[in-house]
Amino acid sequence: MRRMTMAAAGAAAGAALLAGCGGQAATGSGDSPYNGSEIEGAFTLPSTEFTDNKGEPYDLKEDSAGKYTAVFMGFTNCPDICPTTMADLSQAKGMLDESTQKEFQTVFITADPERDDPELLDMWLGSFDPSFVGLTTNLEDTDATADELGISVSRPEDRSGDYQVDHGGQTLLFDPEGESQVMWSYGTEPEKVAEDLETVIGEGA
Amino acid sequence: MAARRTVPGGRALTVAGAAGAFALAAITGCAAQEPQIETSDATVRVPLTPDVTSAYLTIENTGAADDTLIGADTAAADEVQMHESVQKDDGTMGMEERDEIPVSAGETVEFKPGKLHLMLMDPDALKAGETVALELRFAKSGTVEVDAEVEDVMDEGAKGGDMESMDDMDHGDMDH
């Protein structure tokens, strides 16, 4: 399966390159200039204080400033959706030009701060890309942040056993000023995310 | 789709002993109406936390009768649950546990990222390239053993994409 899958991925990446994966393919047609949804200015990163996966304070707005930041909310005990999304984002990043990569970062905010401490986030994110930033804070600020970003989060009342957290599956891209630009729904292929990143970051440069 | 016949290495094609007997019965002209379960592409994700990981595979019922997957087990984890990731109208992703998954005659059921998956609770510290024996329990076919390859999440490639979007990619058609 792996061989078949990798071959398919390679073919897909090749097709994307042939189709001009430099930001031109998607312009000039359709409502959105992106593969994802255009959400320019719909959301703003709040100035909320988190602790990052290295145990350092991280202000979501201040410390994300100057970079294009992809934000996803999930939890490490999520076996399916969250790892798939993080792997896709890591693959998308790998498809970018080196200069574009430097302007881009991925931030994972845990929707399950009672279980996800910095250490666990660091171990989990290390499986995808050591440069990914993991953030945790108290429940109240977590939910307030989710609200600000239009990402729904719901936890069971009883959180004693192996509980699951329902959460929005979307990934939001913010510009260096903290204004939202693009939203990708769950399952958007890495090639399409990479194409959008080249478009957005190319325009902003 | 006949992907199971073209998997390289011939590793993935697994036929239950019982189902093999049914196949033989079919060849010899016996008209028994029985399900026949075949599996392919079984993988287990390298656990990213000690608490949980997921497994994926394709189950095909090539027999003449319906069957139902009623559970799964493995020595490599404390418990195996069957879950389906579901997206609600507001875009929220959640998981629902499934007790029974019908595999009707002639049908193929895919466990894949973002859809159905097996959830391995408290898995062993599995490493990429190892093999995990999964036991699938069917209402009629009984226990079907499947060898699943442990795979790093970063090696899964474009598995998460559905076939429709893969077709898009093949044609380099990016408009949406």
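For "buried" I used 20 or more other C-beta atoms within 10 Å of the residue's own, with 12 or fewer for exposed, partly exposed in between, and C-beta atoms placed from the backbone. The buried set includes I81(A), M86(A), L89(A) and K93(A). D88(A) and Q91(A) are also in that set.

I then checked the length of α2(A), residues 81-94. Its first and last C-alpha atoms are 20 Å apart, close to the 20 Å expected at 1.5 Å a residue. The expected span is 1.5 Å times one less than the number of residues. Helices (H or I, at least four residues) and strands (E, at least two) are DSSP runs, numbered from the N terminus.

Notes on conventions. Residues are numbered from 1 along each chain as its sequence is written, while chains are lettered from A and ligands numbered from 1 in the order in which they are written. The model is predicted, and local features need pLDDT of at least 70, side-chain atom pairs count only at pLDDT 80 or more, and totals for chains, interfaces and linings use all residues.

Next, confidence. I noted an ipTM of 0.79 and a pTM of 0.79 for the complex. Chain A averages a pLDDT (the predictor's confidence in each residue, from 0 to 100) of 87, and 85% of its residues score at least 70. Residues 1-29 of chain A fall below 50, and this stretch has 56 contacts beyond near neighbours in sequence. A contact here means two C-beta atoms, placed from the backbone, within 7 Å. Chain B averages 80, with 70% of its residues at 70 or above. In chain B, pLDDT stays under 50 over residues 1-18, and it is below 50 over residues 158-176 as well.

I looked up the largest nonpolar core and found 80 residues in it. Such a core is a set of buried Ala, Val, Leu, Ile, Met, Phe, Trp, Tyr and Cys residues joined through C-beta atoms within 7 Å. V71(A), L57(B), L118(B) and L120(B) are among those with the most contacts inside the core. Helix α2(A) gives the largest share, six residues. Leaving out residues up to four places away in sequence, L120(B) touches V44(B), V52(B), A55(B) and V80(B), among others.

Chain A overall: I counted six helices and 10 strands. Of its 205 residues, 50% are buried. Among contacts between residues at least 6 apart in sequence, 71% join residues at least 24 apart.

I traced the open sheet of eight strands in chain A, and the order is β1-β10-β9-β4-β5-β6-β2-β3, with mixed pairing. Two strands pair if DSSP finds at least two bridges between them. β1(A) runs antiparallel to β10(A), residues 180-184, through two bridges, with E38(A) opposite V182(A). Helix α4(A), residues 118-126, lies across β2, β5 and β6 of chain A and runs at about 155° to β6(A). That angle is between N-to-C directions, from 0 to 180 degrees, with axes fitted to C-alpha atoms, for helices over the stretch in contact.

Last, strand β4 of chain B, residues 67-74. I found three bridges to β7(B), antiparallel, where D67(B) has V103(B) as its bridge partner. Five bridges join β4(B) to β10(B), also antiparallel, and there G71(B) stands opposite R137(B).
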